[in-house]
Amino acid sequence: MTSYTNEDRELLERPAFAVLTTLGADGSPQSTVMWFRLVDDEVRMIAPAASVKARHIARDGRVTVVVTDPGNGYAYVGVRGLASLIHDDAAARAELRQIAARYIGDAAGRYVESLSADPRVLIVIRADQIRGRHSQPPG
């Protein structure tokens, strides 16, 4: 596993949106805008257990994640790695509360409680390759 730079971590600690790309059975990519949080060196996300992205990861854990700086579209962190699924609805919802708090603050608890009872999975991504660009736009 590779490591994140301090600049990478600074961007990933902000409530920016991530684009998670998984692979379909035919190899075609499927991209989804996601909430996330970085815990140590793992990117964590939540999804319904029956979602396409969860089914893709269960079959083939290769994923990419791209997070763009909301204030500078030229700055980003790209992660290529392996995702695993943790099938524990209570743990996934607890993690979702923490993830949601990054984006919607005090409304996170109400948001999680308002979700359907359909089981959720925790997606844990460990990076094999990290590429960050933290400079200003060209010109």
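Biologist: Which residue in S7 stands opposite Arg44?

Modeller: This is a predicted model, in which local features need pLDDT of at least 70 and side-chain atom pairs count only at pLDDT 80 or more, whereas totals for chains, interfaces and linings use all residues. Residues are numbered from 1 along each chain as its sequence is written, and side-chain values use heavy atoms, with hydrogens and water left out. S4 and S7 pair in the antiparallel sense over 7 bridges, where strands (E, at least two residues) and helices (H or I, at least four) are DSSP runs numbered from the N terminus, and two strands pair if DSSP finds at least two bridges between them. The residue of S7 that stands opposite Arg44 is Val124.

Biologist: Which residue is the bridge partner of Ile86 in S7?

Modeller: Strand S6 (residues 72-86) and strand S7 (residues 120-133) run antiparallel and are joined by 11 bridges. Tyr76 stands opposite Arg133, and Ser84 has Val124 as its bridge partner. For Ile86, the bridge partner in S7 is Leu122.

Biologist: With which side chain does the side chain of Glu42 make a polar contact?

Modeller: Glu42 lies in strand S4 and is buried, with a relative accessible area of 16%, given that buried means under 20%, exposed over 50% and partly exposed in between (1.4 Å probe, protein chains only). Not counting residues up to four places away in sequence, Glu42 touches Arg37, Val124, Ile125 and Arg126. A polar contact is a pair of N or O atoms within 3.5 Å, and within protein one must be able to donate a hydrogen and the other to accept it, while residues adjacent in sequence count only if both atoms are side-chain atoms. At 2.9 Å, the side chain in polar contact with that of Glu42 belongs to Arg126.

Biologist: How far apart are the C-alpha atoms of Ala16 and Phe36?

Modeller: Ala16 is placed in the loop between helix H1 (6-12) and S1, and at 1% relative accessibility it counts as buried. Leaving aside residues up to four places away in sequence, Ala16 touches Phe36, Val67, Thr68, Pro70, Arg102 and Tyr103. Ala16 and Phe36 are 20 residues apart along the chain, and their C-alpha atoms are separated by 8.5 Å.

Biologist: Is the ring pair of Trp35 and Tyr111 stacked, edge-to-face or tilted, and what describes it?

Modeller: The structure holds 3 aromatic pairs, and rings of Phe, Tyr and Trp (its six-membered ring) pair if their centres lie within 6.5 Å, with planes under 30 degrees apart counted as stacked, over 60 as edge-to-face and the rest as tilted. Trp35, in the loop between S2 and S3, and Tyr111, in helix H4 (residues 108-114), are 76 residues apart. Trp35 is partly exposed at 22% relative accessible area, as is Tyr111 at 33%. The centres of the two rings are 5.4 Å apart and their planes are at 55°, so the pair is tilted.

Notes
Contact = heavy atoms within 4.5 Å.
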